[in-house]
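Colleague: I am new to reading models. Can you take me through one?

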Amino acid sequence: MSSPRTIRFTLNGEPVSATIMPHETLVDVLQHRFDLRGARESCGQGLCGCCTVHVDGKPVSGCLFLAVFADGARVDTVEGLARGDALDPVQEAFIEAGAFQCGFCTPGFVMMVKQLLKEHPEPTDEEVRHYLTGNLCRCSAYPEILDAVKLASARQAEAARRA
Amino acid sequence: MTGFEIVEPESLEEAFRLLDPEDPAVRPIGGGTALMLMMKAQIYKPERLVSLRRLDGRFSGIDIAADGSGFRIGAMTTFSMLEHSPAIRRHLPVIAQTMKTLANVRVRNVASVGGNLAHADPHLDLPPVWVALGARAVVVGPRGERTIPVEAIFEGYYETSLANDELIAELEVPVRAGWDALYVKVTTRAAHDWPALGLAVSAELEGRRIRDLRLVLSAAVDKPTRLAAAEAVLRGAEIGPATLRAAGEAAVAETEIESDSRGSAAYKQHLLRVHLGRAIEALAAKRV
């Protein structure tokens, strides 16, 4: 029998709970229960990256991730990146490099790049391309996205030097 | 997706109680990436999914034997854990090589080793690699436990030899000194497409002589398949154009390749001839 179930998790640093059905995906729950619209379902098959969120610090496709499996986890979305009016350096780099046109795929790219720069603080072009193979930009802003990653990486390195 | 129930047993006994050998609408779920696609497409409509994520012990972890002779890999190990394990990268570099073109970071963060095998889609990349490496699966069920070669899991397109209440608990993967391995993914439309042909090769070479090898074909056939006749041509042979051509012909003769959206049978047979030779040459080049 399919019946509702209450899950508790940490969402962008805040403890939250939601009563959901077992077949609901994480991206649906974020959109409809928490009004977080950054991660959005596009291809629905884990191929395009528009629904990228972090679960316990790792990017996942929110459209292929059952929300019940987020019970007890830490979930981070693009909405949690900015500090007040101050954008995250990756978000700033995307704006400065003009790394989008319509912006639909941008939250997913930004969340992937956050993790990419954790794993490869100064990535090569090859590492960036490989890491982002699973993110599609239908406006084809790929060259500018590559620029944005390089810019964010350089800023991060500079900030680390100054710190 | 249609509604279903999810249960998360914490012990094997509880898991066996929740599984049902007679009911195909009750199924275990690992990472769930493949199952989610089937449920979203309404190809599979479960009534109960038995999550294995709270089972610990043997279902998790990557351990190398003290003498370095092999790995034990828990079935709930994610592809990312394998990909980033320093011990796996060092002793089984073919795994990291295969991950380079396997889905994407997000899917690899969630998909599990055991679920990937139980799914039994012949287009998947890792199963032929496990077979080429000579890996064995430890299968547990209410009637006991058995260890079988990975190739014995597959019976055909999405068909396995596992009972509905049996679970893949772990893999045993030998590390053989002097052996090297390679996986070739051949896609015919886009680089990130499902393969028209997968070819996993592990071999023990001495210069350009092949002492021993295991050749496994996937994607073009209904399950990962050892190419025994092609292996027989190559075993003990010196690598050269005539031998590789003969091995390619043997491989084509011993397999039943069907036409599908990724290519005609004749085209895929040609791919097999060409890529088998190239894979062996690439392995030989790696060792020089």
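Modeller: We will look at a pocket, then at salt bridges. This is a predicted model: local features need pLDDT of at least 70, side-chain atom pairs count only at pLDDT 80 or more, and totals for chains, interfaces and linings use all residues. Residues are numbered from 1 along each chain as written, chains are lettered from A in written order, and side-chain values use heavy atoms, without hydrogens and water.

Colleague: What volume does the second largest pocket have?

Modeller: Rolling a probe the size of a water molecule over the atoms shows where empty space is left. On a 1 Å grid over the protein atoms alone, a pocket is an open set of points where a 1.4 Å probe fits, with protein on both sides within 12 Å along at least five of seven lines. Here the volume, the space filled by probe spheres set on the points, is about 580 Å³.

Colleague: Which residues lie closest to its centre?

Modeller: Lining residues have an atom within 4 Å of a point. There are 24, and Arg53(B), Thr78(B), Met81(B), Asn109(B) and Val110(B) are closest to the centre.

Colleague: How many salt bridges are there over all chains?

Modeller: A salt bridge is a side-chain nitrogen of Lys or Arg within 4 Å of a carboxyl oxygen of Asp or Glu. The whole structure has 36. One of them joins Arg146(B) and Glu166(B), with the closest N and O atoms 2.8 Å apart. Arg146(B) lies in strand S7 and Glu166(B) in the loop between strands S9 and S10 of chain B, so the pair ties together parts 20 residues apart in sequence. Strands are DSSP runs (E, at least two residues), numbered from the N terminus.

Colleague: Where does UniProt place the FAD-binding PCMH-type domain?

Modeller: The unreviewed UniProt entry puts it at residues 1-178 of chain B; such annotations may be inferred rather than shown by experiment.

Methods
Helices (H or I, at least four residues) and strands (E, at least two) are DSSP runs, numbered from the N terminus.
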